[in-house]
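Q: I am new to this structure and would like to learn how its features are read. Could we go through them one at a time?

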Amino acid sequence: MSSKKIHVNTADPTPSSPQKKETNRSALWKDTTKQSRRFFLDPSRAENPKMTWFVLIGVFFFAVLFGVFMILWLPQEKKKTVPPLNPMNQNAAPRVFSPLRTFSLDQKAPSAWCSGENNTFLLADAKRIVLYDLDGKKIRSWEPETLNFKTTDVDKQEKNGSASKTDPAVSPDKSILFRPGKTTAIFYKEYRDKEKTMTSYSLYIAAGNQIAVISSREDVGSRLLLNLDKNALITSMKIISHYLFLADYNNKAIYRYDLKNLGDFIVMGKPDPEKENGFPGFQLSVVPHFDLAANSEDQILYAANPVMFRVEAFNAESGSWNKDRSWGKHPEQGNGFSGCCNPIYLDVFPNGRILTAEKGKESRLKVFDPNGSFLYDLNEPGKSIPLDGKTSLIPIIINDTSVLVLHPNGEAKVFVQNHESPENQENPQGK
């Protein structure tokens with residue numbers, strides 16, 4: 001009996017073998033690629049040419065409809081673009097102020113500035129003081145060096161402690177002469193009758209340690225008001241009621257001069273750290289400017305204290321420091337003042353809000369409420385012409401709805417309040 005050898009195939013014939021699966025995938029990929037090429041490059045070679053043409057025509061019409069939709073839809077979406085938000089607070093309302101127009105001025109890097117009346121402003125340089133409207137047109141100008149200023153009696157100045165016997169401006173007849181020189185601060189005030197017609201004006205001028213006034217009234221004319229210590233440097237002037245306030249950068253002090261009682265002269269802002277709740281004193285920046293701002297409605301005088309990152313408040317009538325109305329934050333405390341020493345400039349809106357300017361490459365302009373709570377940025381930091389880091393944009397508040405911003409290169413930009421902003425809806429007349 002013969003025995004047959006039975007050969008047993010140990011290889012797995014089922015398609016679940018990994019090797020077989022890989023072979024099937026490769027074949028399927030090649031076949032799919034081949035069919036795709038045939039489908040798109042030569043539809044006539046496809047297994048169903050009619051279906052192929054139908055699909056191609058459908059794809060073509062879909063592409064056309066999509067293109068028309070995008071052309072019609074995109075412009076509408078652009079119109080719905082949300083206005084830029086406050087860059088420091090993305091949850092804030094749309095910008096309150098926007099630039100309206102820009103113009104150039106002949107007076108670049110002015111040495112002094114102030115707002116005027118009826119939408120005007122004034123700039124001063126070494127030779128002249130010019131009054132402009134908000135289109136940059138010159139209304140009138142003054143040249144202090146060409147004017148004859150009335151002198152002031154030395155004895156009267158020494159009595160109120162504002163004159164120096166050794167000052168070279170004292171003439172042999174013991175009268176003090178005004179030396180115009182470089183204008184370091186100005187303040188302009190107009191006087192009107194019941195019909196709101198201007199009857200006269202007064203232009204106050206500071207030239208270092210001297211303060212003079214140019215008036216359209218014949219009984220006043222041009223005369224010297226004050227001759228301070230020769231080390232004094234007056235860089236800002238404000239008037240509240242009948243008081244003229246002067247900021248002395250060199251002596252880190254504020255002087256109050258009574259325009260009614262010319263002998264009344266007091267010093268404000270001197271440090272008094274030993275007294276409980278006493279004023280700590282001013283620490284000023286290396287930029288030779290000490291700025292003031294006035295809230296005439298509340299009889300409050302504000303002063304910049306940049307190294308301390310603060311805005312200090314003083315009562316106009318008493319001359320005392322008002323701690324409750326003073327405020328400020330270190331830059332790390334959220335919406336505080338940046339850099340080494342800010343703010344450098346101040347101004348007050350008629351509604352009592354405070355505008356501050358910071359020196360630096362971006363030069364932020366911030367608006368605060370009277371209690372020092374941050375409200376919004378007036379400008380968009382970083383979008384103006386770059387600064388050198390040591391200078392600042394100069395803001396001049398014209399009224400509640402208009403602010404003029406000066407760049408050191410002579411560019412002037414007018415910012416106006418947006419009509420759709422919540423503030424404008426609450427106060428549409430800017431009163």
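Q: Is R101 buried, exposed or partly exposed, and what is its relative accessible area?

A: The model is a predicted one. Buried means under 20% relative accessible area and exposed means over 50%, with partly exposed in between. R101 has a relative accessible area of 29%, so R101 is partly exposed.

Q: With which residue does D135 form a salt bridge?

A: A salt bridge calls for a side-chain nitrogen of Lys or Arg within 4 Å of a carboxyl oxygen of Asp or Glu. D135 pairs in this way with R101, and their closest N and O atoms are 3.1 Å apart. D135 sits in the loop between β4 (129–133) and β5 (138–142), while R101 belongs to strand β1 (residues 97–104), so the pair ties together parts that are 34 residues apart in sequence. D135 is partly exposed, its relative accessible area being 45%.

Q: How far apart are the closest N and O atoms in the salt bridge of K138 with D106?

A: The distance is 3.4 Å between the closest N and O atoms of K138 and D106. This pair, too, links distant parts of the chain, for K138 is in strand β5 and D106 in the loop between β1 and β2, 32 residues apart. K138 is partly exposed at a relative accessible area of 46%, whereas D106, at 57% relative accessibility, counts as exposed.

Q: How many salt bridges does the count come to?

A: The count comes to 9 salt bridges. Among them is the one in which the side chains of R128 and D125 meet, at 3.7 Å from N to O. R128 is partly exposed, with a relative accessible area of 24%.

Q: Which residues form a nonpolar patch on the surface?

A: The patch consists of I57, F60, F61, V64, V68, I71 and L72, and together they have about 720 Å² of accessible area. The relative accessibility of I71 is 62%, so I71 counts as exposed.

Q: How much space lies in the largest pocket?

A: Rolling a probe the size of a water molecule over the atoms shows where empty space is left. In this model, the largest pocket holds about 1000 Å³ of space. Its lining has 39 residues, and those closest to the centre of the pocket are S115, G116, F187, V348 and I397.

Q: Which strands each supply at least two residues of the lining of the largest pocket?

A: They are β2 (112–115), β8 (185–192), β12 (234–240), β16 (292–295), β20 (345–348) and β24 (394–399). The largest share, 6 residues, comes from β8.

Q: Which residues lie nearest the centre of the second largest pocket?

A: P110, W113, V287, P288 and Y345 lie nearest the centre, out of 20 residues that line the second largest pocket. About 430 Å³ of space lies in this pocket, and its lining comprises 10 nonpolar, 7 polar and 3 charged residues.

Q: Which residues does a cis peptide bond join?

A: The angle to read here is omega. The cis peptide bond joins N342 and P343, with omega at about 5°. P343 is found in the loop between β19 (327–328) and β20.

Q: What is the phi of K196, which is not a glycine?

A: K196 has a positive phi of about 65°, and its place is in the loop between β8 and β9 (198–207). K196 is exposed, with a relative accessible area of 68%. K252, also not a glycine, has a positive phi of about 50°. K252 lies in the loop between β13 (243–248) and β14 (253–258) and is partly exposed, at 35% relative accessible area.

Terms used. Residues numbered from 1 in each chain as written. Predicted model: local features only at pLDDT ≥ 70, side-chain atom pairs only at ≥ 80, totals over all residues. Heavy atoms only, no water. Patch = residues over 30% accessible without salt bridge, like charges linked within 9 Å, V, L, I, M, F, W, Y side chains within 5 Å. Areas by Shrake-Rupley, 256 points an atom, 1.4 Å probe, with all protein chains shown as cover. Buried < 20%, exposed > 50% of the residue type's maximum accessible area, 1.4 Å probe, protein only. 1 Å grid on protein atoms, 1.4 Å probe; cavity = no way out; pocket = protein on both sides within 12 Å on 5 of 7 lines; lining within 4 Å. Points joined across faces, edges and corners; volume = space filled by probe spheres on them. Helix = DSSP H or I, 4+ residues; strand = E, 2+ residues; numbered from the N terminus. Nonpolar A, V, L, I, M, F, W, Y, C, P; charged D, E, K, R; others polar.
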